[in-house]
Amino acid sequence: MAPRVGIVGAGHCRFGNSSDYDVVDVIAYSVNAAFRDAGGLNLRKEVDQVFVANMAAGLFNRETALASAVISRMDMEPCPAELVENGPASGASAVKLGYMAIASGMADVVLVAGGEVMRSVTGWESTDIVATMAHKEAEYNMGLTLPGFAGMFTRLYMERYGLTERDLALVAVKDHDNAAKNTYAHVQIPVTIDAIADGPNADVVNNYVAEPLRMYSTCPVTDGSAALILVNMDSPKAKLFRKKPVRIAGIASATDTHCVHNRKDPLVLEAVRLSAEKAYTMAGIGPQDISFAELHDAFVIFELIVSEEVGFFERGTSFLAVRRHETDLNGRLPINTSGGLKAKGHPVGATGVSQIFELVRQLRGEAEEGRQVKDPRYGMAVNFGGFGNNVVTTILAKD
Amino acid sequence: MVDFSVYGEQTPHISAFRCEKCGTLYYPAPMVCRKCDSIRDPTTNKGWEEFDLEGPCTLLTWTRVWNLPEGFNRKFLMFGMVEFENGLRASGRVEMEGDPQIGMKLTATTIEADERPGKPVKVFVFS
């Protein structure tokens, strides 16, 4: 039987603009924070394996082989270390590999760190770099970007299910409210529905990015990092750490077609559904057991569609739940308590680790006042790379 | 004397592929047929028929993008996803006055675009 794997250390930097700093330092900052959280920096000598998640430092920062750099910056040689690149799902993929390293018996303690410094280039260049994960001939060469795909996706959803632009704004208002209370969020400013949808200046404040998506339907360009320490809960080493492990109850991934147009239904994110089903099976629970969730809302439409694919709501009804405030912090099923990618920010290589960092904080009861979910038992994170073509779902449990 | 020069305008095309063993159509090119497991050798395309993907198509969805990537010196571009009469789908640019409508009939042609550095690339235009 595979050992139980838990998280005993969690670190995070304030997301925002770190473009004056070396991406390796930005990642090492959160590694330091994770060790301090776990009981002390000396614990880095107990680590058997390191996974560093990063999507494109070679393009954003002209730096490559970040795992070796982080190891050296943290004085952790000769610990084995590998870089994990899986688009914007790099972070959760690194956590999955950390889980597998422990479950396989090859390691007892694994450090997972993710980071990205994207604001070192212009916003236009950043959009282009992220778009390189699309199909080269059939998508990237056309000039298509991720906002473009999300715009087309949103229009189709609106046509089929009756979603409105105001519904998208309601999701943004909720996410910004949550981020305003989150110490680590990029945009800690609440917004009102009047300012971005109902008021006379809403068209100016909340301009179109990729119609029908507007600025407040889209995540900012963000720098930042997060780190986690995973341990074999059945190993004597688990006792070295001061905090009770938060158990990884389920973690699984799935893939879908590289080209979005080649999906049977362009509105179905099959890889989200499959990865969630596998994670539920591994955890021995179902969607009704989830207390709160961090869903990959690089565009707010994703928060809605992912919440349907993982079984929280019937297809085409998630926005009705948002209207009823069911996904608010005090609602029936809080979603994106951190502010989500929309407002906390989306440093692509860090995001998956950051989402799980938020699950750990909530399950430990360590979230800020006014942002803590009441008595959570299971938290879910969905992190995806590409336009939903490589998805990792993670379920953490408070035992 | 042989003249190796190439003169005259060449019309760009984007290729789709048909597996000759089972007839399944693909765009873009696959490496293996999902239906009969036939392998496509990208240097010869032996066993695969290559044909131009163009002509009548139906608009499935569209967007107007205002934050274009580096190199696109335009205010906005429209993009769309279409389905051809043979069932193949593609994404590309939409060019027309005003707003397109989902379900409208369009015609796909191919242009060469050079907004980004490097060699020009082939781009679908649905109009």
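Chain B has zero helices and eight strands. Read from the N terminus, its elements run β-β-β-β-β-β-β-β. The model is a predicted one. Along the principal axes, the C-alpha atoms of chain B fill a box of roughly 45 × 45 × 25 Å. Chain B counts 127 residues, and buried residues make up 26% of them. Consider next the contacts in chain B with a separation of 6 or more. Of these, 52% join residues 24 or more positions apart.

How is chain B divided? The domain assignment gives domain 1 (12–52) and domain 2 (55–126). The C-alpha centres of these two domains of chain B lie 23 Å apart. Where they meet, domain 1 of chain B supplies six residues and domain 2 of chain B supplies nine residues. The domain 1 side of this contact has five nonpolar residues, one polar residue and no charged residues.

Now turn to the contact between the chains. Chain B brings 28 residues to it, and chain A brings 31 residues. Which elements of chain B give two or more residues to the side that touches chain A? They are β4 (55–65), β5 (77–84), β6 (89–94) and β8 (121–126). Of the elements, β4(B) gives the most, with six residues. By class, the side of chain B that touches chain A has 17 nonpolar residues, five polar residues and six charged residues.

The interior comes next. In soluble globular proteins, nonpolar side chains tend to be buried together. Here the largest nonpolar core holds 164 residues. Within this core, V52(A), V70(A), V112(A), L228(A) and V353(A) touch the most other members. Helix α1 (residues 23–38) of chain A gives the most to this core, with ten residues. Chain B takes part as well: the core draws at least three residues from domain 1 (12–52) of chain B, and at least three from domain 2 (55–126) of chain B.

What does V353(A) contact, leaving aside its neighbours within four places in sequence? Its partners include V112(A) and L228(A), which are also among the residues of the largest core that touch the most other members. Other partners of V353(A) include A53(A), A94(A), V95(A), A113(A), A226(A) and A227(A). G91(A) and G114(A) are in contact with V353(A) too.

Definitions and conventions
Residues numbered from 1 in each chain as written. Chains lettered and ligands numbered in written order. Predicted model: local features only at pLDDT ≥ 70, side-chain atom pairs only at ≥ 80, totals over all residues. Contact = placed C-beta atoms within 7 Å. Helix = DSSP H or I, 4+ residues; strand = E, 2+ residues; numbered from the N terminus. Nonpolar A, V, L, I, M, F, W, Y, C, P; charged D, E, K, R; others polar. Core = buried A, V, L, I, M, F, W, Y, C linked by C-beta atoms within 7 Å. Buried ≥ 20, exposed ≤ 12 C-beta atoms within 10 Å, placed from the backbone. Domains from an automatic or database assignment.
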